[in-house]
Amino acid sequence: MSGLRLPAIVLEFVAQQLIKPVPLQRTGWRDIWQSIKAKGWADIPMMEALFEAFDDRLYKMNLIELAKALELPLEYVFYRPRYKRSEPSGTIHMSAVNVAGLAIYLEHFGFNMLVQPLVNDLLPAIRRLQQLTVAELCIYQYASDRQRTRFLLRSAQQSTPPSHPDEEKRLHTPNGYCVQITTNDSRTQKIEISGPKWKLPKPKVEVNCDICGTSYFSGDPDEEGGHRRYHKQILSVLQPKPERRLLADNAGPSIIRITANSPLWMHQAIYDRARAFKREMGFDFVQWTLTKNLRDRDANADGYLFISPEGTIEGACSFRSEAKENTICWSLDWVWIRPEKRRQGIVESHWPRFLATYGDFWVEHPISDAMMSFLLEHASHQQRIAMEIHASEGIDGR
Ligand SMILES: [Zn+2]
């Protein structure tokens, strides 16, 4: 629900007018609007004429006070002087966009406005903007807000504590708005106006997702959408589906080497696994560079995707080269296998190939317990020596 403070005189006027019968006909608004649209501005008499043409209960509404309360700007606008030195005379105006914004608010308050043609005229230009004013936002969101808002209007003035109990009056406008007016000592205290399509928002409940480990608030479309996207990403890594394009080249369990020149989708696949590794280990950085641009890719990284006979990606790893004393040294940056497929010999089956390709490569620390027990069994003689030196000296043993 949106709460608004209005000057007492405006609040009283709104309450008095909303209980009157709704006028049946709207006449003459089109010409007035065309003129406002053409000039880009409306002075106060033009605005009064337009709004009265929509709903004659708005005759004598204090539009200046209402606009101020809604933070819709009024400005002095001048006719260009005929001679540069002559004194220009200006009057208070409102831009066409703000006039439409004000009309939208009055519709949300239950008045019988005809806002759609105004929105249709202004929306195309607003769609191109990156930053929006209050009125532009009203116009931009009109299609989704229409008849779905709920406003609580209160007086901006401090009133003395009432001596009687409040009196409440409820009514439905012919266009379906529900209006509840609370008075005390025959003064309007507040007006609640709900659109015909307004629904009580679902209470927000914090949900912890066991699968992706995210906590979010259900009932919040932004949070739910954010979780849905993230959950889908995680699921595609934890429970991947077979990929036809992987099967074509790979009959049987195998690996695919990924270098800077590999296609983007393969880079995405290895990046997703690098991110899963990062999340699981609680690291700050994803250890794979994902970019469309070939020149920005990491030329010193060699990645591998582990593929099942069915064509699913079971995990990935990445090696990195570094020039040291005229030789190229390789290290295993990270290796990640999806939990269901761990301890089934996937890394083991490719270990001899890795040793053949990268020599007695270094294994980056920190090393998980599972990886350590793997290394105790499968590391080469030189790798063991390097690890022992590292452990005893507490230094990088490369
Ligand atoms: Zn989830």
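Predicted model: local features only at pLDDT ≥ 70, side-chain atom pairs only at ≥ 80, totals over all residues.

Q: Fine. How is the protein divided into domains?

A: Domain 1 covers 2-165, domain 2 covers 205-236 and domain 3 covers 241-393.

Q: What separates the centres of domain 1 and domain 2?

A: 40 Å, taken over C-alpha atoms.

Q: Sheets next. What's the strand order in the one with E1?

A: It runs E1-E5-E8-E7-E6. That is an open sheet of 5 strands with mixed pairing.

Q: Which strands sit at the edges?

A: Strand E1 (2-6) and strand E6 (167-172). Each pairs on one side only.

Q: And the twist from one strand to the next, what does it average?

A: 20°.

Q: How do E5 and E8 pair?

A: Antiparallel, over 5 bridges. E5 spans residues 150-155. Leu-152 has Glu-192 in E8 as its bridge partner.

Q: What about E7 and E8, how many bridges?

A: 7, and the sense is antiparallel. E7 is residues 178-184. Ile-181 stands opposite Ile-191 in E8.

Q: Which residue takes a positive phi in that hairpin?

A: Asp-185, near 55°. The hairpin has 2 residues between the strands.

Q: And E6 to E7, how many bridges?

A: 6 bridges, with the strands running antiparallel. Glu-168 faces Thr-182 of E7 there.

Q: Which strands does H1 lie across?

A: E1, E5, E7 and E8. H1 runs at about 60° to E8.

Q: Switching to the core. How many residues are in the largest nonpolar one?

A: 48. Those with the most contacts inside it are Val-14, Leu-50, Val-99, Ala-100, Ala-103 and Leu-106.

Q: Which elements supply at least two residues each?

A: Helices H1 (8-18), H2 (29-39), H3 (44-54), H4 (63-69), H5 (96-108), H6 (116-127) and H7 (134-140), plus strand E8 (187-194). H5 gives the most, with 9 residues.

Q: What does Val-99 touch?

A: Ile-36, Ala-42, Met-47, Leu-50 and Met-94. That leaves out residues up to four places away in sequence.

Q: And what lies apart from this core?

A: Another core, of 29 residues. Among them are Ala-269, Ile-313, Trp-334 and Ile-337.

Q: Back to H2 and H3. At what angle do they cross?

A: Roughly 145°, with the axes coming within 9 Å. The crossing is left-handed.

Q: Which residues make the contact?

A: From H2, Trp-29, Ile-32, Trp-33 and Ile-36. From H3, Met-46, Ala-49, Leu-50, Ala-53 and Phe-54.

Q: Now the other sheet, with E11. What's the order?

A: E11-E12-E13-E14-E15. This sheet is also open, has 5 strands and shows mixed pairing. Its edge strands are E11 (254-258) and E15 (362-363).

Q: Are E14 and E15 parallel or antiparallel?

A: Parallel, over 2 bridges. E14 is residues 327-337. Ser-331 stands opposite Trp-362 in E15.

Q: Last one: Leu-264. Which helix is it in?

A: H11, residues 264-281.

Q: Why does Leu-264 count as partly exposed?

A: Because it has 14 C-beta neighbours inside 10 Å. A residue needs 20 or more to be buried, and 12 or fewer to be exposed.

Q: How far is Leu-264 from Leu-290?

A: Their C-alpha atoms are separated by 8.2 Å. Along the chain, the two are 26 residues apart.

Note on methods. Residues numbered from 1 in each chain as written. Core = buried A, V, L, I, M, F, W, Y, C linked by C-beta atoms within 7 Å. Helix = DSSP H or I, 4+ residues; strand = E, 2+ residues; numbered from the N terminus. Contact = placed C-beta atoms within 7 Å. Pairing = 2+ DSSP bridges. Domains from an automatic or database assignment. Axes fitted to C-alpha atoms, helices over the stretch in contact; angles between N-to-C directions. Left-handed = near helix turned anticlockwise from the far one by under 90°.
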